[in-house]
Structures are given as C-alpha cells and as structure tokens.
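Today I am going through the salt bridges, pair by pair.

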Amino acid sequence: MFEDLLAAAVVVFNWQTIAAISAGTIAGLMIGAIPGLSATMGMALLSPFTFFVGPLIGIPFLIGLFKGGTFGGSISAILIGTPGTAANAATLLDGYEMRKQGKAGPAIMGALNASLIGDAFGTVALIFGAPALALIAIQFGPHEFFALVLFSLTMICYVSGRSLAKGVLAATMGVFFALIGTDPIGGTPRLTFGLRELTGGLNVIALVTGLFGITEVLIQMESFGRSRKSVASSVNVHLAGAGMQFRSVVKHLWTIVRSSLVGTFIGALPGIGSETSPWVAYGLAKRASKEPEKFGRGAYEGVVAPEAANNAVCAAAMIPMLVFGIPGDIVTAILMSALIAQGLQPGPFLISEHRDVIFGLFMSVLFATVALYVFGRLTMRWWIRIMTIPRPLLYSIVVAFCVVGTYSVKSSSFDLAVMFAFGIIGYVLRKLDIAIAPMLLSFVLAKILEESLRRGLVQSDGSILAFFERPITAVILSLTVLVLIAFAVLELRRRRTGRTRDEAG
C-alpha cells in the first residue's frame, strides 16, 4: 500500500492537480462563509464543470470544495450567528456567544485547528480503511447489497428533521422519482408519461441543483429585507496568535480527538453524514466537561467539538461511497455522480480496477487537508469581508451558475425545466418543514436497492428466503429491524414527552 501511495503522490504532485485542490478549497471557503450557500450547493453548481477534465483534476477540485465549504460555514456561524451550512449549526451555540464576548478570533482559529485535526482523522481512516473494506466487499453479491442499502435507507431517519413522518414522506418521494425511466431488468419505459426525455431517468445534477440551488435562492428572496443582521462589527476581528492557538489545542486535545473519532465513525455509516456528527460530538463534550453549565454561553469546547466532527466526516463519508457505491451523505452522493461521469463506477472492484486513480484521489484528500489549513489561515480576512456582498447580486450569480452548470451536462433544455421544477418542489418542502436530504439520498439509493433486489430474486428463482439464508445478509437485515424498532421507540417517547409538556403547560 505504501508503494501505491508514494507512486500516487508523484502523480498527483503536479501543478494542475495542486491548482485544482487549491481552487476548490478557496471556492469552498467562500461558499461556506456566505450564509445561505453551502458545500452541497457548491458541489451541485460546480460539479458539471469537472466532467470536461481528467479525474485527477476534477475530483480533487470537488474534494477541496467539500472540505473548504464544511469549515467555511463556521465563519458566519461565529460572526453573525447564522451557520453557513447545516453542519455548522452546533458551532453557533457557543461560537456566536464567544464573538459577543470579543473572542471571535480565538473561536475562528479554534474551529480551523479542530477542523484540521478532524480532517486528518477522517483522511487516515479513508486511506487505510477503504482498501481493507474493499477486500470484504468483493465477496458481496446482490443479496448483501440489497440488505446494506436497505439498512442505509433506515439510517436516513437521522436526517429527517424534527418529524420522522415527514422524513419518510420525503424519502418516499425520492424513491418515486428514482423509478422514472427505464426498467433496469426488463428494459421497458415506466412513469415517463409519454415523454421521450424521461426514458433515461431524471438527471441527478438537474435534481440536485434545483433542490439545493434554486430552492435556496427562492428562500433567500422571500426572506430578503425581513431581517438584516449587521456584519460591520465583524470585519475587524483579531485572529489569535500561533502560541495562543497551540496552547488552546493542547488544552482541549482530548475533546478534539474524541470528536474526530465520532465524526469518522458516523461519516463511515451510509446515509447519516455531517449534519448529525456535530451534535453528537457537542453532546459528548458537554457531558464530559467539568463545567457543562458554560456550554451555550461561550465555551471553547462547544466550538472545537462540532468542528472536529463535521470535518472528520468529509473523508470518512467517502468510504461507503467508494467501496459499496453507497453515498455516506448528500455531498458524497453528488461526488459519486461526478465519479460515474468520469467513467469510474463506485463499488467493490473500483479500487482494484482503477488502483492508480483511486490512490491518487487518496493523496488528493491528504493534500486538501493541508490546503484547508493553509488557505483557511491566509485568506481568513477575505471571507470575513465577503459576507458584506449584496444578496441580490450574490443570488443572481448563483442562478446563473445553476443554469450554466445544468445545461452544460447534456445541453438539454429539458434538464433546465427539471431543475426549476425541483427548485419549486424543494421550496414547498422547505416551507412545510420537510427535510430535503432524505429525498436526495433515497433517490440515489433506490436505484441500487431495486437492481440488487431483482438480481437477487433472479438468482434464487424468486425465493425471498434466500435473503435470510446468507449469513451476512441475515445479520444486516436483523440490524435493520433493530434500528427501526429503536427509531419507533424514540419517536413514541418524544411524542409522549411532548404531550406531557403540553398538559403541564
């Protein structure tokens, strides 16, 4: 393996790949720092442009964007109390309080240092974990893949928002949209309503761009002018010196390491991603703290814990995507689409068949970790000032990128119609407080689920019992049942607690 990594480092260490990683990281930092934009939106907008370059240029660009965007959201969370991304929502609880206490600089630099350490943990897990797991995944057949994808769909409950029922509704809609197109086994059109353009299914880039690009623009247009937070006071921020940063990291090293491990573990689980790990890490940090009463009032640990966790997810979430072809979260679902567009089909044989390219991507992930810290530190004051960009100008540019990016994939005006249609669908769902993430994840996973199920049934002559006779499949299905029972119990307890509070009130 070390020989492969060394050879990959030589291949990746060229001006084109380094420039792609640097540009992606800087773009991610900028996108993440602006409230309303996110790494997901950035990936959706810019991934079509990577289809026209080589995989060791286009994919490293997206990896840098992913990492930069995940950290960049902490800047606006700390300075104006508005998280740039959902992954930074936990950061604002203490980060914004530190800013009001005049400690914005230490908070931002603490978030950057914690992100660097968390990122390193996730990267190490990816480099050493993915090839080892691929050796096991090679033994998987359609029965095992069906069970694994079904388990992943149950884990989507974690990103369902406050209502499990609404999350299930969104996931069901994603499955329905995934069925549009051509039957993967029989080859006959279905749910196309007579439209020739739908025989190939819905373009995932158009769907993603609409759900996360156009929808966000509509939400921001609606809210523009209602409440405008001043950012003028956030421009002059004194960033902590190297000595103070080092002492702070050493003092809270165990909190950062524990949170990094949490983020790595959760990131490696299909379907959960960076929205859950920060809250888990934050809760553990609060529980382990000697002064838990300080959390929510400007605790330094309340900033570094979620930031270490959400950046650890970035690389770790690529493990199930590369090895099983199952995205770890929304962003890796978009990244998987970019890999497929490059002719690289994620799955058990990806590493063995394209070993040089995949190890090149591993080294790109490692270089992106370094780039995140270097450009995060050098360009920090840029992103503090960029939040003053007028919103009408900013979102006009976003719409332009949406249109150009979607049209460039197939030069199809129909895809533009799909994009705007899903922009409206996403807007309606957001207004109804229905999470969009389950829809996209189930849209991607449903295709794998159906094909695995039907191929498994063909192999077993239509016997459903074959899924329970194979040891790995039986274990995964049993675990799925246990998870569903646990979710049901938690939901009943939550409703019972809510009724008790209402009666007490």
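Before I start on burial, I note the cut-off: a residue is buried when its relative accessible area is under 20%. I also remind myself that this is a predicted model.

Entry one. I looked up Glu450 and found a relative accessible area of 15%, so Glu450 is buried under that cut-off. Its side chain meets that of Arg454 in a salt bridge, 3.2 Å from N to O. Glu450 and Arg454 are four residues apart in helix α21, so about one helical turn separates them.

Entry two. I followed Arg454 to another partner, Asp183, and read 2.8 Å (N to O) for that salt bridge. This pair links distant parts of the chain, 271 residues apart. I placed Asp183 in the loop between β1 (181–182) and β2 (189–190), while Arg454 sits in helix α21 (residues 437–459). Asp183 is buried, at 14% relative accessibility, and Arg454 is partly exposed at 26%.

Which residues are linked with Arg454 in a network of salt bridges? I found Asp183, Arg190 and Glu450 joined with Arg454 there.

Entry four. I then checked Glu451 and Arg455, whose side chains form a salt bridge at 3.1 Å, N to O. Both residues belong to helix α21 and lie four residues apart, about one turn of the helix. I have Glu451 down as partly exposed, with a relative accessible area of 31%, and Arg455 as partly exposed too, at 42%.

Last entry. My tally of salt bridges comes to seven, among them Asp183 with Arg454 and Glu451 with Arg455.

How values were computed:
Residues numbered from 1 in each chain as written. Predicted model: local features only at pLDDT ≥ 70, side-chain atom pairs only at ≥ 80, totals over all residues. Heavy atoms only, no water. Salt bridge = Lys/Arg side-chain N within 4 Å of Asp/Glu carboxyl O. Helix = DSSP H or I, 4+ residues; strand = E, 2+ residues; numbered from the N terminus. Buried < 20%, exposed > 50% of the residue type's maximum accessible area, 1.4 Å probe, protein only.
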